Amino acid sequence: MIPELGLFSLILALPVALCTGILALWGAQRGQPAWIALARSGTVALALLVGVSYLCLTWSFLQNDFSVLYVARQSSSSLPLIYRVAGVWGGHEGSLLLWLVMLTGWAALARFYSRALPDALRARVLGVLCLVAAGFLLFILFTSNPFLRLIPGAAEGRELNPMLQDPGLVIHPPLLYMGYVGFSVAYAFAVAALLSGQLDAAWARWSRPWTLAAWAFLTLGIAVGSWWAYYELGWGGWWFWDPVENASFMPWLAGTALIHSLAVTEKRGSFKNWTVLLAVSTFSLSLLGTFLVRSGVLTSVHAFANDPARGIFILAFLVAVIGASLLLFVWRAPKVGLGGRFALVSRESLLLVNNLLLAVATGAVLLGTLYPLIVDALGIGKISVGPPYFNAVFVPIMAPLLFLVGIGPFARWKAASLGEILRVNKWTLGLAALAALTLPLVYGGWRPLAALGVFLAAWIFLAATLHFVRQARATQGGGGLLASVLKQSLHFWGMHLAHVGLAVFVAGVSIVGAYEAEKSVKMAPGDTVGIHAYRFRFLGVQSVEGPNYQALRGEMELSENGRAPRRLFPEKRFYHHSAMPMTEAAIDAGLWRDAYVALGEPLDRERPDGEWVVRVYVKPLVDWIWGGAFLMALGGLLALLDRRYRSRRAATQENTP
Amino acid sequence: MNNRYLWLFVAFALLIVLLAVGLTRDPREIPSPLIDKPAPEFVLPRLDNDQPFTPKDMAGRVWLLNVWASWCASCRDEHPLLVDLAQKKLLPIVGLNYKEVRGDLSLDATKLALEAEKREAAARANLWLATHGNPYTLSILDLDGKVGIDYGVYGVPETYLIDETGIIRFKQIGPITPETLEKKLLPLIAQRDQKTED
């Protein structure tokens, strides 16, 4: 009965979404107050209906209702409770429902936090979001119904893929979807602005906090996903340029460009067309990612079970959403003014270069991701594009961009002097160069790429600190420097925190890339293997029983000079419901390095207590990668909490020169 | 209409065409390097009478080599199709039972001696064939999966069409679907049969 209630609620949501969307847009165009008002209640009703439906599906998981096909496929009665809750989004149908919950949730948030907006614009934003939701509702109801019954019901479920039975599943998809879907609000603002023909500074200011929120969630989501792959897949890598990773990375790159371009549009009224196009592209890339993951056109470790009907549907949806907004853009864009003029060297021009480089990077990832498809479609052959391509293309694009991150904040709007900026930064540049020359030696050898990374990271960090201190000094009142530092706006704090996060990330990537050490060795109990100052002693393997698996648990003693030895327990798990053994790496994480151990295979399958192939890694600064991403996301969240976004009055005050 | 943003539409249209074409392709369909190459040699015991079997025994005939195991869920999906095909008596189907005991990770095969493993494998395989029907002219046991390595087996079930001269003509990874049977396998078999008659 409960699953039917969920389905009924979902079916009911479709006409609500369609009516609200169409009437709100029509009403805003015609100036009908009643229809405009409908947008507000309609959005809330939609979010409630979808929410009820989602709770019904969760209830079916909690009750182990294996007469629901999706539950029987994704869950089992021996599955731990937390994975029954998270298992809802462990497969295609449920994850799509989660996506919809977030979309309607964002729409409801946009309804409550948009009181300062003109009624017509607000109705347009909500209307666009409702129409996008209607598209996803159609998709779920016609191709991916999670409430389908299995009659007669199964006695036991097939259980969640053991790879997904991990805390990563609990947090990674929700964060990632919050990001993906969050860009729909920026998209809705862009389309609403195009519809009304009012692309102005106010529009950019309203878009900014939503874009920042989506971007921060996407940053966290990607970082958690990367961290999950790092400890779960047992290869010790943190990014694989897998098509699905790329699918999440492209909206991130475009979203990063959007954040910066919105700043120019808000402050100077320039780049309006470009900003709108970026807002449309960012959400379009989210949708394209959905298509790539769920239609089966590309192979990937993330692939969902595929069904051609789904691919066709999403493709049609892409055509409708992207095509309609492009049409609107092509119609409106030529009439939009150019905004304020700026000199060759100015904050505008630097942000333009930032946008250009990020756009090129997005294009490069898109090309690499779609290239196998292009080659196959032309009938030339079957190829896959791997890390060598992406690494070769990415470093030359990112290096100048990272250098500009340090310069950008120092540049004034309209016109700036490059000589002046460099003069102010002579010490920071010098220190960064010194760091690049010396720090890599600490890790046992100077390598150009590592030195470049260290230089850029140190430069971004020092320049951001210098800029912050100079700004604080310039605005210093009677309370001293510290008081002035604390009084800086959250927006300013957020920007610099995100940039410092980027520096931390770059330092981690360069150092671990150049100096990680790995050994794959045959070990009998009692054997020792050493990497640098670390010694790993293998103590043997024991059989242990988990809630729904049997595991061979290895024991490894890690010792390093002058510190108490620690025990690590890498596992090989055999889940009762699955034929594939799972490798659980054991990691001794630290600020300066991770020691990482993974069990390979026993040399003799009949003697798991004997010799094993064991992989051990020492990875310097690897945790900085995720720490940096976390700081970036935190910076984004701080910036969006700035009071300038909070009320209409504050906004107009700041706008007056 | 002269609009400087029109190129966006062209790019978008190209992208959509590309994705649409992509939908009609299967990225998992990887051409096997074994196609048009001689089937790798091996000698394995038969399931029914423990006599040695080698691909040479099938010389002069077009035959199917189907890789299966009782623990393989997709094999069960595929099975009725094979039973149907066997009833048509078009060609002999040899079942290569792949890692019957070792592949089943829900039990600890490491404690079994080789003879015991073989007995266990035969018992499981026979039980499965008795339950679901036996489409195979004969089945052979690949306990440790070494022959599977020679044939590049990476997903069970897999099926190889081997011609009268011992050359592999077609490989299916994963279960044979009615579509691949109609569109690929049967035409290839008919073509080979004609050649043999000529």
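Helices (H or I, at least four residues) and strands (E, at least two) are taken here as DSSP runs, numbered from the N terminus. The structure is a predicted model, in which local features need pLDDT of at least 70 and side-chain atom pairs count only at pLDDT 80 or more, while totals for chains, interfaces and linings use all residues. Residues are numbered from 1 along each chain as its sequence is written, and chains are lettered from A and ligands numbered from 1 in the order in which they are written.

We can start with the overall build of the two chains. Chain A holds 20 helices and ten strands, and its C-alpha atoms occupy a box of roughly 80 × 75 × 60 Å along the principal axes. The radius of gyration is taken over C-alpha atoms, and the globule rule is 2.2 Å times the number of residues to the power 0.38. For the 657 residues of chain A a compact globule would come near 26 Å, and the value of 27 Å agrees with this. Chain B has five helices and seven strands, in the order α-β-β-β-α-β-α-β-α-β-β-α from the N terminus on.

Burial is judged from C-beta atoms placed from the backbone: a residue is buried if 20 or more others lie within 10 Å of its own, exposed if 12 or fewer, and partly exposed in between. By this count, 52% of the 657 residues of chain A are buried, and 33% of the 198 residues of chain B are buried. Two residues are in contact if their C-beta atoms, placed from the backbone, lie within 7 Å. Among contacts in chain A with a separation of 6 or more, 74% are between residues 24 or more positions apart; in chain B, 76% of the contacts between residues at least 6 apart in sequence join residues at least 24 apart.

In soluble globular proteins, nonpolar side chains tend to be buried together. A nonpolar core is defined here as a set of buried Ala, Val, Leu, Ile, Met, Phe, Trp, Tyr and Cys residues joined through C-beta atoms within 7 Å. The largest such core has 225 residues, and those touching the most other members are Ala24(A), Leu100(A), Ala107(A), Ala133(A), Ala186(A), Phe189(A) and Ile460(A). Leaving out residues up to four places away in sequence, Ile460(A) touches Leu402(A), Val405(A), Gly406(A), His499(A), Leu502(A) and Ala503(A). A second, separate core of 41 residues includes Met58(B), Val67(B), Tyr151(B) and Leu161(B).

Domain bounds come from an automatic or database domain assignment. For chain A this gives domain 1 (1–165), domain 2 (167–412), domain 3 (425–516 + 625–629) and domain 4 (517–621). The centres of domain 1 and domain 4 of chain A, taken over C-alpha atoms, are separated by 43 Å. Eight residues of domain 1 of chain A are in contact with seven residues of domain 4 of chain A.

The expected span of a helix is 1.5 Å times one less than its number of residues. For the 18 residues of helix 19 of chain A this gives 26 Å, and the end C-alpha atoms are 26 Å apart, in agreement. Because 15 of its 18 residues are buried, helix 19 of chain A is largely enclosed by the rest of the structure.

Several backbone details are worth a look. A cis peptide bond, with omega about 0°, joins Ile151(A) and Pro152(A); Pro152(A) sits in the loop between helix 6 (119–143) and helix 7 (167–196) of chain A. Phe271(A), although not a glycine, has a positive phi of about 55°. Phe271(A) belongs to the loop between helix 9 (243–268) and helix 10 (272–295) of chain A and is buried, with 23 C-beta neighbours inside 10 Å. Lys89(B), also a residue other than glycine, has a positive phi near 55°. Lys89(B) is placed in the loop between helix 2 (73–87) and strand 4 (93–98) of chain B and is exposed, with 7 other C-beta atoms within 10 Å.

Apart from neighbours within four places in sequence, Gly554(A) is in contact with Val541(A), Phe569(A), Pro570(A), Leu599(A) and Trp612(A). Asn561(A) lies in the loop between strand 4 (549–560) and strand 5 (566–568) of chain A and counts as exposed, with 8 C-beta neighbours inside 10 Å.
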